[in-house]
Every structure is written in structure tokens, then in C-alpha cells.
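Open the model in your viewer and keep the selection panel at hand. The stops below are taken in order.

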Amino acid sequence: TFTNKAASEMRERVEQLGVERGAWICTFHAMCARILRRDIEHLGTWTRDFTIYDTDDRARLLRDLIKAAGYDPVQFKPGEIGAWISARKNRRESARDEAELEQGLGLAEQAFRRVERDYAAALAKNNALDFDDLLLKTIQLFEQHLGVRDAYADRFRYLLVDEYQDTNRVQYELLRHLTSAHGNLAVCGDPDQSIYAWRGADIRNILDFERDFPGCKVVRLEQNYRSTQTILDAASALIRNNRARKDKALWSELGA
């Protein structure tokens, strides 16, 4: 799920249905943290008792690293650099070597990449991961240790993803690994509600679903339970001007 609140709500409903125990109902990050608590030692560097840094922890560490590198934390704000690092991680980008760091980069870009490298080294030294690392290290684990990947792909015979329009490419890759054994994936989402591109969400995940998972069945949930038909008609007239979307006809029993 997308949020802890949604996971909690879904967990309660599943329990009321009497579904067998063993189902994992959680956010992507919570799922990956659980996997890494078991298997991260396959990667080396980290142990199972790793610390998870939240946004405040990240900002404090970045502030120290900015000062240690001789940069002004007022000019190079920890929050700004943290968001930049997070965006690069969600695109699976990183400063790979000194050559990339130095060639053809402006002073600000050099500063960002220097701090990025120092940040990665500090996390490893402190046996710590940030939120983005939870997903990235799980993918790294699956890519480098296919036996571990296959064990989870066999265990989770069915996967359901809520708010699929808000997933990013890292989460997409994670799902490809987890469905590699069976392909049993159900997703629920609406391209017209995709508003998190600034946070890395990739609308192609849902627009290209039929191509990426051939043979899937599409079910359109077109009845709306909140709004009158007048509101839905107005909204539909506006949103149909978007180029990247899946067409649907919203209707309501609430009248005009």
C-alpha cells in the first residue's frame, strides 16, 4: 500500500474476512525493511540490526557532512541536497566514480555529488539505511542473489498493489522480481489521480501495464459514490484533454 494508514485499514478488513495468516499487508518500505532484516547480510557491509534514518536523521547527517566538506550549509541546504539524493535514488542514479564527479560539472553540482558520496559512506559506516535505501538494497539483494529472490517470489503467490499510479520505477522493478515466478499481480489505480511525479511517481507504470504484463484483465471501476453526475461530467470534460490517460466514463446514482 501507499501509506501505513491504508495498510492498517486493509489489514483489519482482511482479518474480518478470516483470511489465513501469513499474508503481508504493508507499505513497500515496510515490506522491504522486513526482507532486509532477514537477508541484508548477503550484501555485506550491513547487519540485520541496521538503523533506519528518517528525514530528520538524514538532514542532521547531511548538515554535518556539508560543514565537514567546507561548504556553507546556508547556501547548500541539507533539505535540498537530501531531496536531490532521494530523487536520484528513485531513478537509480548515483555518483559512480571520481571521473563522473569532476568532468563537466559546475561547482554546485560538484558539491552535491561530493556530499552524496560522503552521505553513502557515512550510512554504510553507521550500519544505517534511509527510506530510499530500503527499496534499493532489496532490489540489489534480488539482483545479486537470485536464490533469495526466488524464495520470496515463490512465497508470495499473489500480489496486490493499491494506488498503483503513485509507484515509481524502483517499486516497479521490485514487483517484477516478486512476480518473476508466477506473474500473479493485481493493481488498483487511476492515471487521472497521478499527482506525485515530483516525488518520483511514474505514470508509465499504470499506462503501460497491459504491455508489461501481457494477458492481464482490465476492470474499470466507473461508478462514483461521492459526487453528483454534474460534478463528474464537469471533471470528465476537463480531464479528457490530458494526453496520457486511460479513458473511462464515470457515473453516479446520486443524480444531477
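Predicted model: local features only at pLDDT ≥ 70, side-chain atom pairs only at ≥ 80, totals over all residues.

Residues are numbered from 1 along each chain as its sequence is written, and side-chain values use heavy atoms, with hydrogens and water left out.

**Stop 1: the largest pocket**

Select Cys188, Gly189, Asp190, Gln193 and Leu221, the closest to the centre of the largest pocket among its 44 lining residues. A pocket here is an open set of points on a 1 Å grid over the protein atoms alone, where a 1.4 Å probe fits, with protein on both sides within 12 Å along at least five of seven lines; lining residues have an atom within 4 Å of a point. The volume is about 1500 Å³, counted as the space filled by probe spheres set on the points, which are joined across faces, edges and corners.

Next colour β4 (185-187), α11 (209-212) and α12 (229-239), the elements that give two or more residues to this lining. Helices (H or I, at least four residues) and strands (E, at least two) are DSSP runs, numbered from the N terminus. Which element gives the most to the lining? α12 does, with 5 residues. By class, the lining has 22 nonpolar, 8 polar and 14 charged residues. Nonpolar covers Ala, Val, Leu, Ile, Met, Phe, Trp, Tyr, Cys and Pro; charged covers Asp, Glu, Lys and Arg; the others, Gly among them, are polar.

**Stop 2: the second largest pocket**

The second largest pocket holds about 920 Å³ of space. Select His29, Ser86, Asn90, Asp132 and Arg199, which are the closest to its centre of 37 lining residues. Helices α2 (28-39), α3 (55-68), α4 (78-90), α7 (131-144) and α9 (169-178) each supply at least two residues of the lining. The lining divides into 15 nonpolar, 11 polar and 11 charged residues.

**Stop 3: α3 with α6**

Show α3 and α6 (residues 107-125), which pack at about 120 degrees with their axes 10 Å apart. Axes are lines fitted to C-alpha atoms, for helices over the stretch in contact, and angles run from 0 to 180 degrees between N-to-C directions. The angle makes α3 oblique to α6; under 35 degrees counts as roughly parallel, over 145 as roughly antiparallel, 65 to 115 as roughly perpendicular and the rest as oblique.

Contact (heavy atoms within 4.5 Å) involves Arg58, Leu61, Leu62, Leu65 and Ile66 of α3, and Val115, Asp118, Tyr119, Ala122 and Leu123 of α6. This contact has 8 nonpolar, no polar and 2 charged residues.

**Stop 4: α3 with α4**

Arg58, Ala59, Leu62, Arg63 and Ile66 in α3 meet residues of α4 including Pro78, Ile81 and Ser86. The contact residues are 7 nonpolar, 2 polar and 2 charged.

**Stop 5: α2 with α7**

Finally, show α2 and α7, whose axes come within 9 Å and cross at roughly 55 degrees. These two helices are therefore oblique to each other. Among the residues that meet are Phe28, His29 and Cys32 in α2, and Phe131, Asp133 and Leu134 in α7. The contact divides into 10 nonpolar, 2 polar and 3 charged residues.
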